[in-house]
Amino acid sequence: MMKAKICGETPLASAKFLKLREISFCDAKGIMRKWESADRIADAKAVMIVAHILPDDEYLFVRQFRPPTGKMMIEFPAGLIDPGETPGTTAVRELYEETGFAGKLTKVTNFGFSSPGMSGEPIAVAFMEIDGDAYRDQAVVAHPEECESIETFRIRRDDIADFIGRCEAQGDGIDTKIYLFAAALQK
């Protein structure tokens with residue numbers, strides 16, 4: 001059997017952050033096909049942060065409006081990797097900007113794809129630990145970009161399923177990665 005391969009692409013539209021393209025590819029049977037893809041301009045990469053607060057056994061989640069969904073979304077903190085940054089340095093920066101917390105980077109995965117049927121955006125996952133004792137008696141202040149309005153939640157491991165249920169009940173959308181994470185924790 002042949003191996004599928006990209007044969008070309010045609011730009012369809014381009015805006016400030018995204019581009020739409022039509023990809024021509026030859027499938028595994030040798031048949032020429034077309035596919036549409038929405039991608040970031042300049043092939044930007046992203047990092048998602050799973051931040052674990054110890055010894056409290058809490059995880060950080062953020063809530064923000066995402067125009068493509070038309071909803072407030074529950075997500076992990078995340079952000080685009082700036083030129084010259086590694087996924088790890090971006091994770092440290094974005095965690096602080098979005099939540100006000102500083103943490104220790106413990107692991108960064110290779111790049112994967114969260115919606116490969118729609119986009120080729122590469123995303124790494126950064127795992128971080130936060131010293132909960134360091135934040136016991138102080139207010140934590142986020143430092144979001146001017147265009148961001150982000151709410152932060154510290155949720156105990158045992159309360160994540162209930163947290164998701166409450167968010168769904170109030171009409172929030174849930175990033176699919178949150179469901180996967182919650183299911184993995186229950187095992």
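Buried means under 20% relative accessible area, exposed over 50%, and partly exposed in between, computed with a 1.4 Å probe and with protein chains only as cover. This tour goes through a predicted model, in which local features need pLDDT of at least 70 and side-chain atom pairs count only at pLDDT 80 or more, while totals for chains, interfaces and linings use all residues. Residues are numbered from 1 along each chain as its sequence is written, and side-chain values use heavy atoms, with hydrogens and water left out.

**Helix α1**

Select residues 87-99, which make up helix α1; helices (H or I, at least four residues) and strands (E, at least two) are DSSP runs, numbered from the N terminus. The 13 residues of α1 reach 17 Å from the first C-alpha to the last, close to the 18 Å expected at 1.5 Å a residue, where the expected span is 1.5 Å times one less than the number of residues. The helix is mostly covered, with ten of its 13 residues buried, among them Pro87, Gly88, Leu95 and Thr99.

**The aromatic cluster**

Next, select Tyr59, Phe61, Phe76, Phe153, Phe163 and Phe181, which form one aromatic cluster. The structure holds seven aromatic pairs; rings of Phe, Tyr and Trp (its six-membered ring) pair if their centres lie within 6.5 Å, and planes under 30 degrees apart count as stacked, over 60 as edge-to-face and the rest as tilted.

Centre the view on Tyr59 and Phe181, whose ring centres are 4.9 Å apart with the planes at 75°, so the pair is edge-to-face. Because Tyr59 lies in strand β5 (residues 58-66) and Phe181 in helix α3 (residues 176-185), the pair ties together parts that are 122 residues apart in sequence. Tyr59 is buried at 6% relative accessibility, and Phe181 is buried at 14%.

Phe76 lies in the loop between β6 (71-75) and β7 (78-80) while Phe181 belongs to helix α3, so here the parts tied together are 105 residues apart in sequence.

**Further salt bridges**

How many salt bridges does a search of the whole structure find? The search finds 18. For one of the salt bridges, select Arg66 and Glu75, whose side chains meet at 2.9 Å, N to O; Arg66 is partly exposed at 33% relative accessible area, whereas Glu75 is buried at 8%.

Then move to Asp175 and Lys177, joined by a salt bridge with the closest N and O atoms 3.1 Å apart. Asp175 counts as buried at 16%, and Lys177 as partly exposed at 26%. Finally for this group, select Asp56, Glu58, Asp133, Arg136 and Arg154, which salt bridges with shared partners join into one network.

**A charge over a ring**

Select Lys45 and Phe111 to see the charged end of Lys45 over the ring of Phe111, 4.7 Å from its centre; the criterion is NZ of Lys or CZ of Arg within 6 Å of the ring centre and within 35 degrees of the ring normal.

Methods. Salt bridge = Lys/Arg side-chain N within 4 Å of Asp/Glu carboxyl O.
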